[in-house]
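Please keep the sequence and the 3D view open while reading.

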Amino acid sequence: MSDQILAGLVASAVALPLLGFVMFALPAWFGARFGERFVAGSVGLLFTCSSLASGLAFLALVFSGRSAIEVPLGEWFSVGSYGFHWTLIGDRLSLPFAWFAAMLVGLMAAFSRRYLHREAGFFRFYLMLVLFGTGVELVVLAGSLDLVFVGWELVGITSALLIAFFHERPKPVEHGLRAFITYRLCDVGLLSAVVWLHHAVGHTDFVSGQPWLQLAVPSEGHHAVWVGFLLLFASMGKSAQVPLGGWLPRAMEGPTPSSAIFYGAIAIHLGPYLLLRAGSILDQFPAVAWTTFAIGSLTALHGSIVGRVQTDIKSSLAYGSMTQVGLIVAEIGLGLRVVPLVHIIGHAAIRSLEILRSPSLLHDHHYLEEAVGTRTVRTPRHSEGVIPRGLRSWLYRYALERGYQDGFLREVVVGSFLRFAAVLGVIDSALTGWIGGRDAVEEERPR
Amino acid sequence: MIFVSLPLLIAVALLVLGQIVSTCDTPRRARRVAVTAIQVLFAVALLGLLISEFAPPDPTLRGPGALGGGSGSWRALVSCIHLLIAMLAVGLAPVASHPVRTLVGILRLMAIACAFGATEAPLLLAGLWAAGLLVLLRELRASGDGGVRLSGVLWRYHAPSLVLAVVGSLAFLVGWSSTGAICWLVAIAVREALLGAHGWLPLLFSRAPLGLAVAFVAPQSGFYCHVVMLQDVSGSAVAHAFAFLGVATAVIGAMLGCAQTEARRALAWLVISQTGLIAFGLENSSEVGLTGAALSWQVLGLATSGVVMTLAALQARRGLLGLDRPQGSFARTPRMAVSFLFLGFASVGLPFTLGFVAEDLLMQGSVDEFPGFGLALVFATALNGINVLRCFFALFSGTSEHIGERDLTRLEATVLTAVMAALIVGAALAGEIAGISLPDVVKSMGP
């Protein structure tokens with residue numbers, strides 16, 4: 001297969017979802033209305049084509065023995081010595097991920113046609129789904145961290161908007177905002193790493209490495225370590241790692257298909273994906289690698305403990321996701337590269353299926369019991385035989401309190417922020433009163 | 001020769017338009033006439049921009065308004081931005097709070113803002129500075145007791161800045177450049193509501209008609225003066241102090257924005273935070289940072305003004321809006337909600353908009369000279385994004401109640417479409433826009 005055809009395949013994996021978004025968003029702004037069948041069919045078709053393009057490119061890559069397909073699409077803008085380049089890469093990490101992500105989005109589009117039939121926000125859901133798919137394809141096929149950031153932002157925004165999909169109820173909205181706050185604060189890590197890498201290396205391109213292309217490592221060690229920690233922080237938010245994972249069970253307020261694809265399958269694995277791209281830094285700097293391992297392990301432990309006491313299926317599955325993603329992050333910290341990729345794809349497939357089936361849990365359970373002809377036995381309590389009685393009650397309370405992390409974040413982090421903002425408000429009010437006089441203060445109370 | 005001084009031509013046209021509009025019998029008709037005329041003027045300015053971009057430089061044309069060179073394109077671009085701001089301030093001004101007299105005031109303010117682009121003489125700039133302030137105060141005093149009190153507060157803030165601008169101009173005339181620069185910098189700090197001198201802006205936004213507030217604040221005349229007069233101070237200790245003030249304004253503005261409980265004030269703090277970003281960027285000695293600041297200036301004029309005016313339109317339908325609880329319904333006013341969200345995110349760096357380009361250049365350009373400050377800017381931008389989504393959720397979600405409010409009118413939708421298109425087209429042509437976003441004399445001062 002010629003280079004041009006391969007480049008076209010990789011580019012179309014991103015271009016098709018983007019085209020779909022423009023195709024729907026623009027006419028909708030001018031008042032056009034689309035039928036459910038057309039919307040679902042078009043989205044499904046676009047992502048099927050995107051998936052096929054990635055799959056074909058991957059097969060071509062494997063059989064040609066090449067390590068990567070680089071697709072330079074030109075320069076977006078440049079000023080002085082700085083330029084923003086559109087470069088996509090297809091390698092043994094990005095192409096399987098892009099193929100799998102597009103296929104899942106396409107499947108979700110097909111599934112949601114019935115699930116959201118006659119739902120008031122049917123079109124809005126599909127619009128967000130297409131934008132999300134565009135963001136994911138951009139993240140995974142990006143040839144530089146600059147471009148990863150573009151897709152990363154789109155994923156964050158669509159995630160928050162879909163959690164708040166049922167916008168007439170206050171709780172989904174509250175939870176959508178909470179997820180967005182976590183995303184946005186952790187995006188500071190990614191954007192800072194981008195800026196830092198430009199400062200230290202001069203670019204953020206994925207350049208070389210095994211088994212796939214990875215970030216260039218700054219020559220000065222402290223730069224590399226800081227960039228590594230910033231990327232780890234960015235991936236912690238997106239992948240709900242300890243102690244920032246409290247948003248994950250709450251994110252299940254969104255429609256089930258979006259929960260499945262975001263928090264069971266794709267979005268939650270973008271953090272590990274980023275770490276896999278930063279493998280060059282993790283390999284050379286054990287401090288970053290061991291911190292990654294520690295955070296992943298703690299998350300897996302936390303998710304496993306807390307997940308055991310959840311009383312609703314979606315929360316239970318959310319903590320199941322958290323546990324598995326924690327394990328994946330720990331694997332990356334240990335220096336494994338192919339195993340985490342296999343783990344990601346396996347976990348994404350199973351977890352999204354579980355979440356999709358969760359609304360019919362009771363039905364499935366009854367069906368299972370009818371099929372076996374007897375009541376199913378409850379899961380054996382392995383842990384109770386191992387954990388001492390004193391520790392058991394402590395762990396039980398820890399699990400019920402979700403690791404005290406919500407309280408910590410609410411009281412310590414958010415509380416401190418609001419107290420500090422209140423102090424600033426008082427100072428601001430006093431200063432305004434001093435300069436502007438009584439008229440300025442009458443309605444200028446600290447808020 | 002008709003295009004020799006495009007900004008002056010447009011300023012005169014806006015003043016004439018103000019006179020024509022003052023004869024209209026109803027605000028609704030006045031608004032329609034004004035928007036139509038501004039659209040024609042925008043087409044003229046756009047033509048001027050195209051001519052200046054594609055026509056070969058004409059050595060016989062000299063002076064600040066001359067086209068046919070980099071600075072000519074810059075002035076044409078600034079005129080286009082000013083006209084879009086005027087379109088927003090007039091087109092989305094609610095008729096109940098913006099009688100014909102206020103619309104005329106808005107047009108006069110925008111005429112003065114355009115006239116800035118026709119001169120670089122310090123004394124003339126100080127004169128325009130005074131004229132803009134007097135028009136605003138006159139309009140406020142005519143709007144009742146609250147306006148009189150507010151104008152008193154504004155006078156306390158702006159009178160010293162006006163005096164400093166005049167003193168600074170005289171100092172330039174007698175050759176005391178350093179004194180002149182310091183006087184002008186302090187004056188600009190007040191005019192652009194940098195920290196310590198910012199107290200008037202939240203008051204203006206919460207008490208004045210929002211169209212008037214936008215027409216006074218969004219053109220950022222202070223920064224125009226900075227660009228044309230004060231680039232000599234770049235790299236000096238004074239410049240670094242001003243940059244620090246900009247960063248502090250950006251961060252604290254963003255923090256206080258997130259803690260507000262009233263929509264108008266939250267957006268006022270968003271504006272303050274973004275003016276801080278621009279102030280910081282203008283003190284960069286790198287062309288990348290300066291271009292980022294100049295683009296941020298345009299983004300503030302378009303996107304942030306668009307958000308503020310969308311809020312004005314929403315408040316006209318629903319009354320004063322708080323942020324303490326979600327109280328709107330996306331489904332009832334979808335196009336208004338989409339405009340708010342798009343423009344809000346565009347102002348804080350939504351991918352594929354001019355805001356993203358501005359943010360990227362600002363961060364990349366500043367990290368070499370101010371590494372610590374650059375990271376603070378990333379944090380401020382993250383908080384501003386949270387502020388935008390928080391406002392969006394509070395204003396457009398949380399209830400299914402419908403009080404009969406209508407979505408965007410045709411006029412409002414036309415104006416918002418033009419502004420959103422400008423942000424997207426600006427991003428698509430980011431390379432070209434970045435190339436003309438600063439006058440040649442400033443770009444040539446980079447290292």
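A:P243 is found in the loop between α7 (221-238) and α8 (247-250) of chain A, where helices (H or I, at least four residues) and strands (E, at least two) are DSSP runs numbered from the N terminus. A cis peptide bond, with omega about 5°, joins A:V242 to A:P243. Most residues other than glycine have a negative phi, and most peptide bonds are trans.

Two residues other than glycine have a positive phi: A:Y404, with a value near 60°, and B:A193, with a value of about 60°. A:Y404 is placed in the loop between α17 (389-400) and α18 of chain A, whereas B:A193 is in the loop between α7 (177-191) and α8 (200-207) of chain B. Are these residues buried or exposed? A residue is buried if 20 or more other C-beta atoms, placed from the backbone, lie within 10 Å of its own, exposed if 12 or fewer, and partly exposed in between. A:Y404 has 12 such atoms within 10 Å and is therefore exposed, while B:A193 has 26 and is therefore buried.

## Model and confidence

This is a predicted model, in which local features need pLDDT of at least 70 and side-chain atom pairs count only at pLDDT 80 or more, while totals for chains, interfaces and linings use all residues. Residues are numbered from 1 along each chain as its sequence is written, and chains are lettered from A and ligands numbered from 1 in the order in which they are written.

The average pLDDT (the predictor's confidence in each residue, from 0 to 100) of chain A is 89, and 97% of its residues score at least 70.

## Where chain A touches chain B

Counting two residues as in contact if their C-beta atoms, placed from the backbone, lie within 7 Å, 46 residues of chain A are in contact with 51 residues of chain B. The elements of chain A that give two or more residues to this side are β1 (68-79), β2 (82-91), α5, α6 (170-200), α18 (405-436) and α19, and α6(A) gives the most, with 15 residues.

## Chain B

Chain B has 19 helices and zero strands. Its radius of gyration (taken over C-alpha atoms) is 20 Å, close to the 22 Å that the globule rule (2.2 Å times the number of residues to the power 0.38) gives for 447 residues, so chain B is as compact as a globular protein of that length. Buried residues make up 67% of the 447 residues in chain B.

B:A376 lies in helix α16 (residues 371-396) of chain B and, with 19 C-beta neighbours inside 10 Å, counts as partly exposed. Leaving aside neighbours within four places in sequence, B:A376 is in contact with B:V247 and B:V251; B:V251 is 125 residues away in sequence but 6.9 Å away in space, C-alpha to C-alpha.
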